[in-house]
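The structure is shown below.

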Amino acid sequence: LPDILRQNDIEVNEIVVYQTITTPHKIEKDYFGILFFSPSAVQSFFSKNKVTGRTILFAIGNTTANEIRKHSNNKIIISDEPGKENLVAKMIEYFS
């Protein structure tokens, strides 16, 4: 985006507001469902873990779901609206 703005003679002052630092952890248990709240969380999780074919993967949005697809062919449920509460509600609805 900044490059496109500059190409159109729009002054840009970029400020880095945060930097993602992954903290992968190996899990030893199989889960029925795992919730992902960001693409970087997906990358971090799958850098050390695999899931069984029965594990349902929940994504907070389409970008996160697309990252999951790079690592797994499992069923993905995508939240209807952004927000962690909405994703948790979607998971509860699915397993009810």
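## Sheet, helices and ring pairs

Helix 4 (residues 84–95) lies across strand 1, strand 2 and strand 3 and runs at about 150° to strand 2. Helices (H or I, at least four residues) and strands (E, at least two) are DSSP runs numbered from the N terminus. Axes are lines fitted to C-alpha atoms, for helices over the stretch in contact, and angles run from 0 to 180 degrees between N-to-C directions.

This is a predicted model, in which local features need pLDDT of at least 70 and side-chain atom pairs count only at pLDDT 80 or more, while totals for chains, interfaces and linings use all residues. Residues are numbered from 1 along each chain as its sequence is written, and side-chain values use heavy atoms, with hydrogens and water left out.

The 3 strands form an open sheet in the order 1-2-3, with parallel pairing (two strands pair if DSSP finds at least two bridges between them). Strand 1 (33–36) and strand 3 (76–78) are the edge strands, each with a single partner strand, so one side of each has no neighbour in the sheet. From one strand to the next, the twist averages 20°. Strand 1 is joined to strand 2 (residues 56–59) by 4 bridges, and the two run parallel. In this pairing, Phe36 stands opposite Ala59 in strand 2. Helix 3 (residues 62–69) also packs on the sheet, touching strand 1, strand 2 and strand 3, and its direction makes about 170° with that of strand 3. Contact here means heavy atoms within 4.5 Å.

The structure holds 6 aromatic pairs. Rings of Phe, Tyr and Trp (its six-membered ring) pair if their centres lie within 6.5 Å; planes under 30 degrees apart count as stacked, over 60 as edge-to-face and the rest as tilted. Two of the pairs are edge-to-face:

| Pair | Centre distance | Plane angle |
|---|---|---|
| Phe36 and Phe45 | 5.4 Å | 75° |
| Phe58 and Tyr94 | 5.9 Å | 75° |

The second pair links distant parts of the chain, with Phe58 in strand 2 and Tyr94 in helix 4, 36 residues apart. Ring pairs also link Phe36, Phe45 and Phe46 into a cluster.

How accessible are these residues? Buried means under 20% relative accessible area, exposed over 50%, and partly exposed in between (1.4 Å probe, protein chains only). Phe36 is buried at 3%, and Phe45 is buried at 14%. Phe58, at 0%, is buried, whereas Tyr94 is partly exposed at 32%.
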